Amino acid sequence: MLGLNKRDTLLFAIVIAITLLAPIILNPFPVASDLAQFNAGYPDLMQRFVIFGIFAIGFNILFGLTGYLSFGHAAFLGVGSYAGVWMMKLLTMNVVPAIIVSVIFAGLFSLLVGFISLRRSGIYFSILTLAFAQMSFSLAYSVLTPITNGETGLQLSLNDPRILGVSQTADGSIPMTNFFGIAMRDGFELSMGGWLFTFNAGYYLCAAILLIAFYVSIRIFRSPFGVMLKAVKSNQQRMLYTGLNPRPYTLAAFVISGMYAGLAGGLMVAMDPLAGAERMQWTASGEVVLMTILGGTGTLIGPILGSGVIKYFENIFSKINDNILHDWFAFLPDGLEDFVVAIVYPFVGKGWHLTLGIVFMLVVIFLPGGIVEGGQRIAGLFKRKPPEDKNKTAAASAPSAAE
Amino acid sequence: MDAIILQVLNGLDKGSAYALIALGLTLIFGTLGVVNFAHGALFMLGAFCAVTLNELLRFSTETVDPSRTDFLGNPLKVKTPYVENWFGPDIGGAMIEWSVPLAIIFSIPVMIAVGIAMERGLIKFFYKRPHADQILVTFGLAIVLQEIIKYFFGANPIPTPAPDAFIGSFDFGALVGMQAGSIIYPYWRLVYFAFAALIIGGGFLFLQYTTFGMVVRAGMADRETVGLLGINIDKRFTIMFALAACVAGLAGVMYAPINSPNYHMGMDFLVLSFVVVVVGGMGSLPGAVAAGFLLGILESFASMSQVVNLLPGINQIIIYLVAIIILLIRPRGLLGRKGVMEG
Amino acid sequence: MIKRPISRRGLIKTAGVVGAGLAAPHLFIRSANAYFNEPKGGTVTLGFNVPQSGPYADEGADELRAYELAVEHLNGGGDGGMLNTFSSKALKGNGILGKKVEFVTGDTQTKSDAARASAKSMIEKDGAIMITGGSSSGVAVAVQSLCQEAGVIFMAGLTHSNDTTGKDKKANGFRHFFNGYMSAAALAPVLKNAYGTDRKAYHLTADYTWGWTQQESIAAATEAMGWETVNNVLTPLAATDFSAYITPVLQSDADVLVLNHYGGNMVNSLTNAVQFGLRDRMVNGKNFEIIVPLYSRLMAKGAGENVKGIFGSTNWHWSLEDEGSVAFVQSFGKKYGFPPSQAAHTCYVQTLLYADAVERGGSFNPCSVVEALEGFEFDGLGNGPTLYRAEDHQCFKDVLVVKGKENPTSEFDLLEIVEVTPAAQVTYPPDHPMFAGGDLGTCNPGA
Amino acid sequence: MGILEVKGVNKRFGGLKALSDVNLDIAEGSVHAIIGPNGAGKSTLLNCFVGRLEPDTGTVMFDGRSLLGIQPFEINQIGVSRVFQTPEIFADLNLLENVMIPAFARRDGAFKINGWMSVGDEAEIREEAMTMLDELGMASKADHIAGQLSRGDKRRLELAMCLVQKPKLLLLDEPTAGMARADTNNTIDLLKQIAKRGITMVVIEHDMHVVFSLADRISVLAQGTVIVEDEPGKIKGNPKVQEAYLGGAHL
C-alpha cells in the first residue's frame, strides 16, 4: 500500500492510529484522579510531541543514515520560526504560507551551512555546525534584535502591517493563527464519565503534517537514495571508487533534514506565534541529538519516541511539586509520608533534569539501540507469537536489511 | 599599547582555563577514544571542592547575643566556626581565609577518586561503543552531577574569595618605569596563570620523560598497537582518566576565586572547551594548549570597544568564527593528525 | 521538608466525578463559557510559573515560597500576613469569591519558549485562570502576550525592563515590580549627593533588551544631573569572565563604572571589577565608584564582600519598617526560617492584588479583574501608597535606594536602605519616549 | 594502441623519487601484471590511475581520455573499477545492498536523488545484483551483513561489486594477499573466468604463482621505473628481474 512494503505499511498504520487517537491515549486517567498529573493529552504538549517528532525524524535522516552528527540543527528550526512569524506579521495569519516560507528559509540556510560544514567530517563537522548555530543564537539574541526581537522573542503586535488580513480584530486583539479559517486554538472537548478529552484543530494539523513527514521519511529510508546515504555512513572511500560522489548525497541529506527542522519551526510558530532565540542555542541542538539517540538512531520510529520521552519529562515531571506528592502519599502514616515525599521530591518538580539525566544513562547503558531496542527485547520475550507481533518493532529497527 | 598588553594578559588568563580543561579532554580522546561530555562537570566539581572546604571550615557553633536581634526580632545567634574555637581565632581565621589553596590538597584525592569511580564504573564500558552513545551517557552523567550539586548548594553563585594576601593587583607599569597604575593585574589571576603553566608544563614533562607517559603517547599515536602490547593497559587508562579529572578539578579549584562557582559553570565551559580541543586538533596536547591561549587572546581582543564598534557583535561570535576559519584552512585543526575522530 | 496540610482537593474532585459520571458523554466547544477557564465547582486554580532550573532557580524557589504563603493566607491559614495590613478589606480569608485557592507550578527555565510551554500547560491542562511569576523580562513579556492571547490574567513577577509595561504592555498583564526608569530616577539624586555632579561614567551593559533599557534610563538620568557617559560597552549574555571588559575601564578616564547586569552576570562583573582594584582607584582626584542599578539580595550574596558600599536600587527589602512589610517578613520568616527576597515580596503581593481585584469586581472574568485593577490605589503591602496605573498597568510606589552593608550581622543582612524615594519622584507620563511604541489593546476574556 | 596508455609518468614525494618515467601500454582484453619488490612504486602507480594521486609529469590515457585531474568517482564512471588490498566494502549493509549500490551507480551516475523510488521496486537492478552474487557463489548469503564475512568472502564481494558495473578496466591490488592456498586457487580460477569476458585487468601481485597463472603480459617495476616488460615465459629468466629481486632469488 502507498508503495510501502508490508512491514512498513503496518508500522505506518500503527503510527496513524496512535497520532489520531493521541488525545485519548495520552489522557488515560480521569481528570479528578491523582494520577491525572500524568495525563499529557492537552493541546500544547500534544503539539510539541508531534513537532519535535518531525524535528527528530528529519535529524535522523542526516544522522541516522549518513552518520554525520550535526550539533547545530536547532539553528534551522530557529530560522524557520523567525521566517514563519515574519510571514504572519507581513502577509497573513493563515499558517500555510508561514510554514512554506519556514521550510524554504531553513532549506536555504542549511544549504549554506551544509555546503561549508560538509567539507569536514567526524567531530570537525560537528564543531563546524555547532559554531554556526551558536553564532546564529548569539547574534539573534543581541545584534540582530531588529529582526529577531532578541531576548523576548519575535512576536506579533497590534500594528503589524498585514497585507492579507487585519492588524487587529474588531475587539482590539491580535488575530489568531488559522488554517483557512479554522483557528489553531479551536477544537472541542469530549467528556465521558470522569474522563475529558481535548480534540484540538492545531494538533490535528500538526499530526497530519507529521504523518506526511513520517511517510516521506519511510520512502527515503527505503529508496536507492536512502541506500546511498547509508553507504556514506558505511564507507565513503568505497563510494568514491564506485563512481558515486558522496558530497552531494550528504548535502542533500543535510538540506532535507534542515527543511524538516524548518518545518518543525514553522509549525511551532503556527501553533504559538512567538520565536525565541533560545530555540537556536546549542542545548536545543543537543536536545534533538539526545532525542534521536534515546529513541534509536537510524530507526524509523525511534526519533519520535525519543522526542516524546524528553518532552514528557520536561512538561509533566517538572510540574509535580511537593504539594502534589503529599496528596499522592496522603494514605501513608504521617512520618512515612514525609519520608517518601522527601525521597521522591528531588526527582520531580525542580529536579526533573536529574531524572532525565538518569534516564539517559540507564537507556544508553542497558539499551544500546535506544528505546526501540527496549521494544524489541520485550517483543523478543513473546517470540512464540510469529511475525505480526514482531513486525511492530522489528520493522522499525531490524538492522541493515530493513533499514 | 597598555590596552593591548592588558588584553593579552586577559587572554592568557582566559586561555589558561580553556587550556587546562581542553588538556584533559583531549587526553581522554587521544588515549581512551572517549568523547567526555562530563568533563565540564569535573571542572565544576573541582570548584565545589573549594566551596565545600570553605563551608566545612566555617562549620559553626551558635551562641546567642541578647543585645542584638535578627530579622524576626528574636535574639541574634552569633556563629563561631569550630576551627576558630579549636585553633584560636588567628589560626582558625587564617585557615578559613586560605581555604582555596587548602582546597588544592583536599581536591586532589577527591578528584582522583571521582575519576577512578567514573572510569571503572561507567566509562570503561563505553570504549567500544559509538561516539554518539558516549555523548549520551556522559551528558546524562553531567546533568546528574550538576543536579546533585544544585540540590546541596542551590543555584546561586557562592563567593569563594582568595586569601587576603592575593587580593589586590600587581603593577607591571611601575615595574618597567611606566606610569604607576597603567598596567595592573590582579594577583590571583597571575597566580592562576602561573598555576596553569605549572600544570601544563608538568603534564608535558610527565608525558615526555616517564615510561607511563611514553605508553600514553604511544597510545595516542596508535591505540590499537598499544592495545596489542597489552601491558595492563586497563590500569593505565584508569590512571589516565583520573589524572585528567584531577587536572580539570584543580583548574576548577583555582578558578573559584575568579568567578563565584555555580552549579552550571561546567556546562558554560563545556562547549567552549570542545571547540578549543577541536581547533587544536583532536588528540593533540600541544594543539589544545595552543588553541586555548589563541582563542582566549582573540576573545579578549574582540571585546575591546574599538573592535566591537567596527564589527558589532563580533565579541559574541569570535570564538566560533575563528573555529570555522581554522577548520576550513586546516582540516584537522592546528596540530591534529589524520584519521583521528574523522569517522 | 515542610509539612503542609493535606488539601481536600482529592475529596472534592471525587465528588465531582460521581456527578459527572452519571451524565452521558457529551461534547462541548471550548468557547461555550462566558470566559475562558471559568472556575466551576468549589476551587479556583492559579498558575505559578517560576524558574526552577537554570541560573535563577533559587530566586524561583523563593517566589514559589511566597506564592504558597499567599495561597495559605488567602485560604484563611497561617497568620494572614499582609491581608491584615492591606488597605482593601475585600478578602476574607475564605479563598477567592468563596472558592478555595489551589495552584499548579511550572518551570520557566528562564527561556521564553519553555515559559510559554509551561504556562500553556497550566492554562490548557489545569485550567489556570491566572498566571504569575518569572524572573526575567524576556520571559515576562513572552508569557504576558501568551496570556493576552489565551484570555487569562498575567501578574508579572520579577521583571525590570521598561518594555514590560512599555512597548510590550498588554491589557491582561500587570506589573507590580519597578523598572529601569524608576531605578534611574531614584538613584540619580542619591548619586548626586554621594559622588557630585562632575563624574564620568563608563557603562557595561548586558547585551539584550533589559540591559539596553536600563542603560538608557540610567544614562539619561545621570546625564541630566551633569554626569558624562564616556562609554557604553555591551557584554554577551553568555560571558562569564568580564576581565576583557574591565581592563579598558582602567584605560579610560572614567571615574564611575555602572554595571547594567543582573544575576550571574552581575555577580561575575562586580567580582571582576573589584579584583582589578577599581574600588581602590583614584581618577581625576576622585575615588573610583561602582554602581549596580538593580540589586537583588539573593544575587548580591554571590558576590560576597564585593558589594560593600556599592549603591543600587531595589523594589523592596525585608528591613523595611512599615506595617505591611513587617507582617510579611514575620509570616514568611516563621514559615521558612529566613527573610523573603524582593522577588518573593512582589509575587506575594501580586497574588493578593489579583485575589482582591476578583473579590471587588465580583467575577473571575479577566475583563472584570482588569477593570478592578486599573487605577486601583492601595496601601499596606510595603512600598507605601501605591497606584496601579490604568494607562500601562504599571505600579507606582516608593523605590528603595540601597547600599551594600559594611558590617552585616547575618548572611541575609547584606543591604542597607539609604533612601526611600517617594513614588512621585519616579513617576513618568505614560507617553514617555522610553515607554513608547506599545499598545495596551483591550482585555481578552478568551471566550 | 592499448586501452590504458601511461607515458612518462614521474612522481616525487619530497626528496624521494617514487616513479620515474614510467611508460605502459596495456592492450584491451589482456591481463597485465605489475610486479616488483617492496617499495618499487606499484601502489603509487595504481593510485595514479584512479585519481588518488596526481603525477608530477606524464599522461595517463584511458580509452582515449585523460585520467588526470578528475575525481575518483568520475574515473569509475568512465569504466575503471578497483579492488583494494584490504577489501573496501559497505560493512554495515547486507551483501545484496553492497552489490546494488554499484549497479545503481552505473545506471544513475555519480549523483541522483531518487528518494521516492523504493529499492524493492528496482527489480532490474536487484536481479542483476543477485545474478552477480550467484555467479560468485554468494547468493545464499545475500541478506547477511557484509562486515561479518570472512576475508576471502569480502574479497569476492568486492569483486562482485566491481564486476556488476561491467567495467572496461579492472584494477586489482594484491587480490590474494593474506589468503590461504586453497582460497588463492579459487580466486585465480575466478579471475580467469572474468578475463574470459574480455575485461581488461591490471593486477599488482607479490605471489608469483598467481602472476604466472593469470597474466598475459608482465611489467617489472623497480625503484620507480619499468625495467622489463614482456610475456610471462620470458620474464622468468630475465637477469635484470632476478637482480631487482635482491640478488636473484629464484622465481
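This report walks through a predicted model, chain by chain and contact by contact.

## Chain A on its own

Let's start with chain A, which is built from 17 helices and six strands. Its radius of gyration is 22 Å, close to the 22 Å that the globule rule gives for 403 residues, so chain A is as compact as a globular protein of that length.

Inside chain A, buried residues make up 64% of the 403 residues.

## Who touches whom

Four pairs of chains are in contact, and of these chains A and C share the most contacts. Some pairs don't meet at all. Chains B and D have no contact, with their closest C-alpha atoms 14 Å apart. Chains C and D have none either, and there the closest C-alpha atoms lie 34 Å apart.

## Where chain C meets chain A

Here, 52 residues of chain C are in contact with 49 residues of chain A. On the chain C side, the elements that each supply at least two residues are helix H1 (9-22), strand S1 (26-29), strand S3 (100-107), helix H3 (112-124), helix H4 (137-150) and helix H6 (209-224). H1(C) gives the most to this side, with eight residues.

## Where chain A meets chain D

This contact takes 30 residues from chain A and 35 residues from chain D. On the side of chain A that touches chain D, helix H7 (201-222), helix H8 (224-234), helix H9 (236-240) and helix H10 (246-271) each supply at least two residues. The largest share of that side, nine residues, comes from H8(A).

By class, the side of chain A that faces this contact with chain D has 14 nonpolar, 11 polar and five charged residues.

## Two domains in chain D

Chain D is split into domain 1 (1-79 + 168-251) and domain 2 (92-166). Taken over C-alpha atoms, the centres of domain 1 and domain 2 of chain D are 27 Å apart.

Between them, eight residues of domain 1 of chain D are in contact with seven residues of domain 2 of chain D. Helix H2 (72-77) and helix H6 (181-196) of chain D each supply at least two residues of the domain 1 side of that contact. By class, the domain 1 side has five nonpolar, two polar and one charged residues.

## A closer look at C:Gly277

To finish, here's a single residue. C:Gly277 is in the loop between helix H8 (263-275) and strand S10 (282-283) of chain C. Is C:Gly277 buried or exposed? It counts as buried, because it has 21 C-beta neighbours inside 10 Å and the cut-off for buried is 20 or more.

Setting aside its neighbours within four places in sequence, C:Gly277 is in contact with B:Gly168, B:Ser169 and B:Ile184. Back within chain C, C:Gly277 and C:Phe288 are 11 residues apart in sequence, and 9.6 Å apart in space, C-alpha to C-alpha.

Technical notes: Residues are numbered from 1 along each chain as its sequence is written. Chains are lettered from A and ligands numbered from 1 in the order in which they are written. This is a predicted model: local features need pLDDT of at least 70, side-chain atom pairs count only at pLDDT 80 or more; totals for chains, interfaces and linings use all residues. Two residues are in contact if their C-beta atoms, placed from the backbone, lie within 7 Å. Helices (H or I, at least four residues) and strands (E, at least two) are DSSP runs, numbered from the N terminus. Ala, Val, Leu, Ile, Met, Phe, Trp, Tyr, Cys and Pro count as nonpolar, Asp, Glu, Lys and Arg as charged, and the others, Gly among them, as polar. Domain bounds come from an automatic or database domain assignment. A residue is buried if 20 or more other C-beta atoms lie within 10 Å of its own, exposed if 12 or fewer, and partly exposed in between; C-beta atoms are placed from the backbone. The radius of gyration is taken over C-alpha atoms; the globule rule is 2.2 Å times the number of residues to the power 0.38.
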